[in-house]
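Please keep the sequence and the structure in view while reading.

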Amino acid sequence: MKTRREFLRSTILGASATWTVPMFVEQTFADMHVNAKDLATQAVTGKDDRILVVLQMAGGNDGLNTIVPFEDDAYFNARPRLAKKQKDLIKLGDGIGLNDSMPYLGSLYKEGELAVVQGVGYPNPNRSHFVSTSVWETADPTVRSNTGWIGRYFDNACPGSDPTVGISLKKSQPESFGALKNPGVSLSSPELYRWMNSGDGDEAERLFASLNSPDGPVDGASIDMLGGKTGGVVGEDNLAFLERVAMDARVSSKEVLAIAAKHRTSVRYGTTPIARSLSMVARMVAGGMPTRVYYVSHGGFDTHNQQTNSHDRLLGQLDEALKSFFADLKEQGNADRVTLMTFSEFGRRVKENNSAGTDHGQASCLFVAGAPVKGGIYGKQPSLTDLSKGDLKHGIDFRSVYATVLEDWMKTKSAPILKGSYDTLGFMG
């Protein structure tokens, strides 16, 4: 069973990636007597605003095999099967190399448009996917916040904004979009929903078709009302949630896709989900959407078994998608407007496991990329011998990364959003 939020976000708002307002949304409006004239929206005037793209590397990316300390004997001792040799790396600096599955990022680094932030984490780390993702999404290591860090940005810096101030291309709204006022919208077509459900296409299509049938949901297509921890407006009940979701879809559907469909590019994208998601983002940027934050996800990084091939493949898919994305932005003339930041809920353990994989760890690295970025290495490579229960110790609090993006790129005060003051790192030009 899908949770209330997950189901609705993945289907109703997913329908806003079609050419017409979904039948279910029309029915919902009719039942609620909502007058479209009462929907206050902001004109599409986003052609000059700065844009942040947040890219989740879901599952816990192995930072040690992404940015590799190839001169450290402790690395090879801990990973006799998984260790990357220098010949398999793109050298970035003394003793540090980038996995050679990412040649585009290597070229971006040489051009000064890629920041590599090392040893990123938070105090008292948690190895649970759910908990640690929540920590990163809310910017709250105590996991007590009922809003997300991006949602608080919307509340503090974007009052009265269009619902599309934030757009997520996930099957459910990310927890980071949780807000008191405007949590943005989630756009996920049936096709995207099928990808993100590991090929369970028949079920996804049945649910989607059911909600959009003239007769309403069919037997077996019920909505689980148990609730789930995803982004939304704080304190709303089920009816309010449903009404707002329908309103979001009504406001955004034709606007978003009509704008996106106009974009033509000579850039070729791959067929992976992350490539298609970034292609969609590029289309919306080209169309002048008022969106300030886009959120996409690239999954599969929980590499407990036979890691080498799968991890290299995932990094290669990301590299290929980013190459197309930034080429598209450059062709549009929008490269100077967009910064992309990656994150993953945690890194992996230093020592490989008995299944030629790695288990959940703590600190890791992340990337900040784009023409506005001041490229380089930020932070020190964590020690491979001075460990925390077998894991890398963090040297940079992830909220410093957020603070840098908020202060130096989005040009807003970070303290009200992050609920505290954190040093900025200087990676924005």
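The buried residues of helix H4 are covered by several elements, including strand E3 (89–93), strand E4 (96–99), strand E5 (114–121), helix H11 (307–332), strand E10 (364–369) and strand E11 (376–378). Helices (H or I, at least four residues) and strands (E, at least two) are DSSP runs, numbered from the N terminus. The model is predicted: local features need pLDDT of at least 70 and side-chain atom pairs count only at pLDDT 80 or more, whereas totals for chains, interfaces and linings use all residues. Residues are numbered from 1 along each chain as its sequence is written, and side-chain values use heavy atoms, with hydrogens and water left out.

Helix H4 spans residues 103–110, and its buried residues are Tyr104, Leu105, Gly106, Leu108 and Tyr109. Here buried means under 20% relative accessible area, exposed means over 50%, and partly exposed lies in between (1.4 Å probe, protein chains only). An α-helix has 3.6 residues a turn, so residues three or four places apart point the same way. Just after H4, Gly112 adopts a positive phi of about 80°.

Two of the covering strands, E3 and E4, belong to an open sheet of 3 strands, ordered E2-E4-E3 with antiparallel pairing. Its edges are strand E2 (67–68) and E3, each of which pairs on one side only. Two strands are taken to pair if DSSP finds at least two bridges between them. E2 and E4 run antiparallel and are joined by 2 bridges; Ile67 has Leu98 in E4 as its bridge partner.

Strand E5, another part of the cover over H4, is itself largely enclosed by the rest of the structure, because 8 of its 8 residues are buried. Val117 takes part in both pairings, with Leu366 as its bridge partner in E10 and Tyr378 as its bridge partner in E11. A further 2 bridges join E5 to strand E12 (residues 396–397), again in the parallel sense, and there Val120 is partnered by Ile396.

Strand E1 (residues 51–57) is likewise largely enclosed by the rest of the structure, since 7 of its 7 residues are buried. In a regular strand the side chains alternate between the two faces of the sheet. Both faces of E1 are covered, with Ile51, Val53, Leu55 and Met57 buried on one side and Leu52, Val54 and Gln56 buried on the other. E1 pairs in the parallel sense with strand E9 (residues 338–343) over 6 bridges, where Ile51 is partnered by Val338. It also pairs in the parallel sense with strand E8 (residues 293–298) over 6 bridges, and Val53 stands opposite Tyr294 in E8.

A nonpolar core is a set of buried Ala, Val, Leu, Ile, Met, Phe, Trp, Tyr and Cys residues joined through side-chain atoms within 4.5 Å. The largest such core has 49 residues, of which Val53, Leu278 and Phe325 touch the most other members. A second, separate core of 37 residues includes Met341, Tyr378, Met410 and Leu418. Contact means heavy atoms within 4.5 Å; leaving aside neighbours within four places in sequence, Val53 is in contact with residues including Leu278, Val281, Tyr294, Val296 and Phe325.

Helix H10 (residues 273–286) contains Pro273, which is partly exposed at a relative accessible area of 36%. The C-alpha atoms of Pro273 and Val296 are separated by 9.6 Å, and these residues are 23 apart along the chain. Among the cysteines, Cys158 is buried at 9% relative accessible area, and Cys365 is buried at 12%. The disulfide count is 0, a disulfide being a pair of cysteine sulfur atoms within 2.5 Å.

Overall, the protein has 13 helices and 12 strands, and 58% of its 429 residues count as buried. The average pLDDT (the predictor's confidence in each residue, from 0 to 100) is 80, and 72% of the residues score at least 70. Over residues 1–45 the pLDDT is below 50, although this stretch has 135 contacts in the model beyond near neighbours in sequence. Residues 189–201 also have pLDDT below 50, with 26 contacts beyond near neighbours in sequence.
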